[in-house]
Amino acid sequence: MSVLVVGSIALDHIKTPLEEHQNLLGGSASYASVAASFYSPVKLVGIVGEDFPNEHIELFKRRNVDIAGLQVVPGKTFRWSGEYMWDLNIRETRSVALNVFEHFNPTLPETYKDTPVVLLANIAPDLQHHVLDQVRLPRFVVADTMDLWIDTARVRLLELLARVHMLILNDGEARQLTGETSLIKAARRLRDMGPEYLAIKKGEHGCLLFGDNGQFFSCPAFPLEDIHDPTGAGDTFAGGLAGYLARYSTKVEFGALRRAVVHGSILASYNVEAFSLERLQTVTRDEISERFDTFRRLSEFDAE
Ligand code: AMP
């Protein structure tokens, strides 16, 4: 079973207190599609300009990501620049150049339209709607979002919630969207708006998963000693989660979702060990299994 991923494809400029790198492969769809490719075939929908380096297209191909839905058009690729503070949880956007994104009209190739699992990675809600309009009877739709869309496209975002099975957002965004300070209350409000399942990410403190009838799971975060670049952690999480779920798309149950958030967290934990998608290119299946076992041990305890 494959997963369709739509989102941004970017050339990033990232500054951390210790390092600075330019022209890095970034964007929500880049991280999400490569992460998902560890678990299932991926169909990528996105747009880049003529300046987009071929080596990045080769990376998608190496990961078996179908790029029939990738538009390469005259103009420049979307560019984003961000700077992290000493506390790597704090990031400021330095600049954004939409470039070819400004006129992006995602049109799905015919071969994409029956994809059972759809990941609407972080991108303007209008574009997420537009992609969803073209998919025939998707079995499981996951949407990611960010504070920018809560501020600037709230109505379209709320309309999207009614169309998806699962929403992923971080704790600050959950509070911002609902006006609730308690994440438990925020989760109830968000699920009432449409999505049956909800994942609230809490950065270095893990993630909370909510489902029907009080179903709840708290996933720890991997205790990493060295974080080099947090960029794309959320997108990698979403991609790993959706890719893993594609195996279970005939019937997504809470047990599969619990494992899916663990797999998303594992890939995100590897991703932040290096800049851009560098670590996602070298991580092995054995390393993923090793961290899976560590995650199990992290939250196991005896009754006495
Ligand atoms: P994250 O660290 O998960 O927030 O994702 C970072 C990635 O999101 C970067 O690689 C950026 O290129 C991309 N990005 C930043 N701003 C936007 C935006 N407004 N829409 C889509 N993608 C964005």
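Biologist: How are two packed helices described, and at what angle do the axes of helix α1 and helix α8 cross?

Modeller: Two packed helices are described by the angle between their axes and by the distance between the axes. This is a predicted model. In it, helix α1 (residues 28–36) and helix α8 (residues 233–245) have axes that cross at roughly 35° and come within 7 Å. The crossing of α1 past α8 is right-handed.

Biologist: Which residues make the contact of α1 with α8?

Modeller: From α1 they are S28, Y31, A32, A35 and A36, and from α8 they are D235, T236, G239, G240 and G243. Sorted by class, that contact has 4 nonpolar, 5 polar and 1 charged residues.

Biologist: Now a second pair. At what angle do helix α3 and helix α5 pack?

Modeller: Helix α3 (residues 125–134) packs with helix α5 (residues 154–161) at an angle of about 35°, and their axes are 9 Å apart. The crossing of α3 and α5 is left-handed. On the α3 side, P125, D126, Q128, H129 and L132 make the contact, and on the α5 side R156, L157, E159 and L160 do. By class, the α3 contact with α5 has 4 nonpolar, 2 polar and 3 charged residues.

Biologist: Turning to the ligand, how many residues surround it, and which are the closest?

Modeller: The ligand is surrounded by 17 residues, and the closest are S8, D12, G27, G232 and D235. The shell divides into 7 nonpolar, 7 polar and 3 charged residues.

Biologist: Which side chain has an N or O atom 2.5 Å from an oxygen atom of the ligand?

Modeller: That side chain belongs to D12. For R91, an N or O atom of the side chain is 2.8 Å from a ligand oxygen atom. For D235, the distance from a side-chain N or O atom to a ligand oxygen atom is 2.8 Å. D235 is also one of the α8 residues in the contact with α1.

Biologist: How much of the ligand's accessible area does the protein cover?

Modeller: The protein covers 88% of the 510 Å² that the ligand has on its own. The elements giving two or more residues to the shell are β2 (10–15), β6 (78–84), α4 (147–152) and α8.

Terms used. Residues are numbered from 1 along each chain as its sequence is written. This is a predicted model: local features need pLDDT of at least 70, side-chain atom pairs count only at pLDDT 80 or more; totals for chains, interfaces and linings use all residues. Side-chain values use heavy atoms; hydrogens and water are left out. Axes are lines fitted to C-alpha atoms, for helices over the stretch in contact, and angles run from 0 to 180 degrees between N-to-C directions. Helices (H or I, at least four residues) and strands (E, at least two) are DSSP runs, numbered from the N terminus. A crossing is left-handed if the near helix is turned anticlockwise from the far one by less than a right angle, and right-handed if clockwise. Contact means heavy atoms within 4.5 Å. Ala, Val, Leu, Ile, Met, Phe, Trp, Tyr, Cys and Pro count as nonpolar, Asp, Glu, Lys and Arg as charged, and the others, Gly among them, as polar. A residue is near a molecule or strand if one of its heavy atoms lies within 4 Å of it. A polar contact is a pair of N or O atoms within 3.5 Å; within protein, one must be able to donate a hydrogen and the other to accept it, and residues adjacent in sequence count only if both atoms are side-chain atoms. Accessible areas come from the Shrake-Rupley method with a 1.4 Å probe; for residues, only the protein chains shown count as cover.
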